[in-house]
Amino acid sequence: MSGREPVEQRFPRPSVMGVVNVTPDSFSDGGVHLRAEDAVAAARRMLAEGAALVDVGGESTRPGSRGVSLDEELRRIVPVLEALEGRVAVSIDTAKAEVARRALALGAELVNDVTALRGEPELASVVAESGAYLCLMHMQGEPRTMQVDPRYDDVVDDVKAFLADRLAFAVREGIAEERICVDPGIGFGKTVEHNFELLRRLDELAELGRPLVVGFSRKRSLGRLLGDPEATTGPLAASLAAAVAAYERGATILRVHDVEEHVQALTVAREVWA
Ligand code: HH2
């Protein structure tokens, strides 16, 4: 794997990452793909619809969630990855070194760590030794409490400094910089205003020089902006607008639940802005 090309060659702008949550409790698709057969069928369908890769996750990080044991996370994701047999480009959404190790052995190409190597620092050596791609995401606090009064001096400056710091850590741990992408972590310890400020000023995060991953799909800030203060998800049309806006401001990989519609919207956007 050491001869792998840089992220932006493997996943050119804009690439769609389809979300396959093998969980009972994810905020928008919890329980939908809990059976391995359903998750595998969803992954194959997303690839057919134009996804560049699918992000398989066995642990929900929705606000308020508590996390699952290593055994349970493996029990959820291993059968899915075995069935996909490395024929589908897969990213593994985990903060656990052992889950990543197993997933990479089963053909996963990218490790998507919402803790940016803070959850289990030994995950860094797993990624370094495998030559996999890595996504470092910003989160303030932890899922259980992250939406309790999040605060920043300047959300974009703070997220940018955090990502620069985690990027430097990953490179010190031996992960090639050209294989790393970064993500502002929409909804992870952020108010509606913080999330839209990050989207509006995404070009400032692009100054980090690394491909940007953005996951605004179905997130509650969309539903809340549209007038429901209790919304826990956002609608498709709002997700599409956020993805196109993110692409226009420099995003490379869009993490989405509704692949076909996002591929259609981004194909048009690319034709206009490329
Ligand atoms: N969002 C979620 C999970 N993983 N990874 C990255 N890099 N960026 C994101 O924005 C992101 C992520 C949350 O969405 P989802 O997977 O649909 O829900 P849950 O965490 O409840 O499983």
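Reader: How many disulfides does a search of the whole structure find?

Author: Good place to start, and keep in mind that this is a predicted model. A disulfide needs two cysteine sulfur atoms within 2.5 Å. The sulfur of Cys135 has its closest cysteine sulfur in Cys181, and at 4.5 Å that is too far for a bond. Cys181 is likewise in no disulfide. Searching the whole structure gives a count of 0.

Reader: Is Cys181 buried or exposed?

Author: Let's go by the cut-off: a residue is buried when its relative accessible area is under 20%. Cys135, for its part, has 0% relative accessibility and counts as buried. For Cys181 the relative accessible area is 1%, so Cys181 is buried.

Reader: Which residue has a polar side-chain atom 2.7 Å from an oxygen atom of the ligand?

Author: We can begin with the surroundings, where 18 residues are found around the ligand. Among the closest are Ser26, Asp183 and Lys219. A polar contact needs N or O atoms within 3.5 Å. The residue with a polar side-chain atom at 2.7 Å from a ligand oxygen is Lys219.

Reader: How much of the ligand's accessible area does the protein cover?

Author: The ligand takes up the space of the largest pocket. Strands β1 (15-21) and β5 (133-137) each give at least two residues to the shell around the ligand. On its own the ligand has 470 Å² of accessible area, and the protein covers 99%.

Definitions and conventions
Residues are numbered from 1 along each chain as its sequence is written. This is a predicted model: local features need pLDDT of at least 70, side-chain atom pairs count only at pLDDT 80 or more; totals for chains, interfaces and linings use all residues. Side-chain values use heavy atoms; hydrogens and water are left out. Buried means under 20% relative accessible area, exposed over 50%, partly exposed in between (1.4 Å probe, protein chains only). A residue is near a molecule or strand if one of its heavy atoms lies within 4 Å of it. A polar contact is a pair of N or O atoms within 3.5 Å; within protein, one must be able to donate a hydrogen and the other to accept it, and residues adjacent in sequence count only if both atoms are side-chain atoms. Accessible areas come from the Shrake-Rupley method with a 1.4 Å probe; for residues, only the protein chains shown count as cover. On a 1 Å grid over the protein atoms alone, a cavity is a set of points where a 1.4 Å probe fits but cannot get out, and a pocket is an open set with protein on both sides within 12 Å along at least five of seven lines; lining residues have an atom within 4 Å of a point. A molecule sits in a cavity or pocket if more than half of its atoms lie within 2 Å of its grid points. Helices (H or I, at least four residues) and strands (E, at least two) are DSSP runs, numbered from the N terminus.
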